[in-house]
There are 2 protein chains.
Amino acid sequence: MKLYTYFRSSAAYRVRIALNLKGLAYEAVPVHLVKQGGEHLRDDYRAMNPSALVPTFDDDGAMLTQSMAILEYLEETHPAVPLLPAAPRERARVRALAQIVACDIHPVNNLRILRYLVRTLGISDDAKNEWYRHWIGEGFAALEAHLAADPAPGRFCHGDAPTFADCFLVPQAYNAQRFNIDVEAYPNIARINDACAELPAFFAAHPAQQPDAE
Amino acid sequence: MKLYTYFRSSAAYRVRIALNLKGLAYEAVPVHLVKQGGEHLRDDYRAMNPSALVPTFDDDGAMLTQSMAILEYLEETHPAVPLLPAAPRERARVRALAQIVACDIHPVNNLRILRYLVRTLGISDDAKNEWYRHWIGEGFAALEAHLAADPAPGRFCHGDAPTFADCFLVPQAYNAQRFNIDVEAYPNIARINDACAELPAFFAAHPAQQPDAE
């Protein structure tokens, strides 16, 4: 198994966490998103992943893309350490929490969007940072409200074992902290983020622990 | 089963298609995203869905959110008409195609983002439309390349029966056409969109067929 990854990529970070939680060994192949105009934009990378985004996951020649699709695949092919609960309604809750990050928060704040705001629309750095904080604020408020409404709160997003939702929450909290957003203002997000940080699987997936960390 | 929906909402449209393909009857409860400042922003709606987005799916009191999580739930609870193939690698491909729409295209072009661009950043209508076309162009090029690379192309995104991927492709093609984007420039997307349009399940889910259509 090979993971085409970039240390700071939120989507790659999610997959690294899931692989670690499941105890699956993989080879990390760094793809630099900034140097040389972005290695992900090169033809050889696009041939593997026409979306020109990281991560790409190579499982014995099957080239898989999109972090959530990769997590579902790992869950189906390596179910021994489950990252989804058993009951359909609970699975739906976990996936919805993950998708608040995957669909509502992260897409509007990733590198290509921020670049377009600055380079094409010509907005100021201050307005760009305010954009970032606005969408994190909207998304974290929603995520926090979902978590606070849990009738049976546990140590993690859903119960006392990590799930997909935690694999998505932690990279997004990391991103927020990089933009000086006070995660403590969201008590459940902060509490769960801290609980995850104590687990070796999350620690080893952290951007600072990657071979391509700068 | 109740679906809180808005006729033009892309995410609600996906769920309507899936419900129809599976032959599941449901009550449509319209939530107007524009009138009265947006009915989705009211406290009673937020109590059901803290993200204040449509759709919300009520299955006998379980309030489910996020269109992809709802589709996975329907697949698990009503497997008779499958919308995912059986093999994990094929399932991963279908989910990745859906997620190109769900994570890379739609989130940056939905109503709240376009409003922020105009109202908060003060960009012109022309620049807003160019933003829309830019991200559709990026995303459709990627989706088209993924579809064109299919070693065994069928009538739909994956083989000869509709899957999650088609449930996501069709509403996005509808959105693109509303912004006068030439979908025919993407031959596989156009071909599959036309094939879907012939199916009653897709026709009945179309915005123009909804009780709240304007």
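The end C-alpha atoms of residues 87-214 of chain A lie 42 Å apart, and the span is 66% helix and 0% strand. Helices (H or I, at least four residues) and strands (E, at least two) are DSSP runs, numbered from the N terminus. UniProt, in an unreviewed entry, lists these residues as "domain: GST C-terminal".

## Basis of the model

This is a predicted model: local features need pLDDT of at least 70, side-chain atom pairs count only at pLDDT 80 or more, and totals for chains, interfaces and linings use all residues. Residues are numbered from 1 along each chain as its sequence is written, chains are lettered from A and ligands numbered from 1 in the order in which they are written, and side-chain values use heavy atoms, leaving out hydrogens and water.

## The sheet of chain B

Chain B holds an open sheet of four strands in the order 2-1-3-4, with mixed pairing. Two strands pair if DSSP finds at least two bridges between them. Strand 2 (27-30) and strand 4 (62-65) are the edge strands, each pairing on one side only. From one strand to the next, the twist averages 20 degrees.

Strand 1 (residues 2-5) and strand 3 (residues 56-59) of chain B run antiparallel, joined by three bridges. B:Lys2 stands opposite B:Asp58 in strand 3. Helix 1 (residues 10-21) of chain B packs on the sheet and touches strand 1 and strand 3; its direction makes about 150 degrees with that of strand 1. Contact means heavy atoms within 4.5 Å. Axes are lines fitted to C-alpha atoms, for helices over the stretch in contact, and angles run from 0 to 180 degrees between N-to-C directions.

## Where the chains meet

In the interface, 44 residues of chain B are in contact with 44 residues of chain A. The two chains bury about 3,900 Å² between them, 64% of it on carbon and sulfur atoms. Buried area is the accessible area (1.4 Å probe) that two parts lose on being put together, summed over both.

Six salt bridges cross this interface. A salt bridge puts a side-chain nitrogen of Lys or Arg within 4 Å of a carboxyl oxygen of Asp or Glu. A:Arg91 forms a salt bridge with B:Glu76, with the closest N and O atoms 2.7 Å apart. Helix 4 of chain B gives the largest share of the side that touches chain A, eleven residues.

## A tie within chain A

A:Lys22 forms a salt bridge with A:Glu75, the closest N and O atoms being 2.8 Å apart. A:Lys22 lies in the loop between helix 1 (10-21) and strand 2 (27-30) of chain A, and A:Glu75 in helix 3 (residues 67-77), so the pair ties together parts that are 53 residues apart in sequence.

Key:
UniProt positions renumbered as here; feature names shortened; annotations may be inferred.
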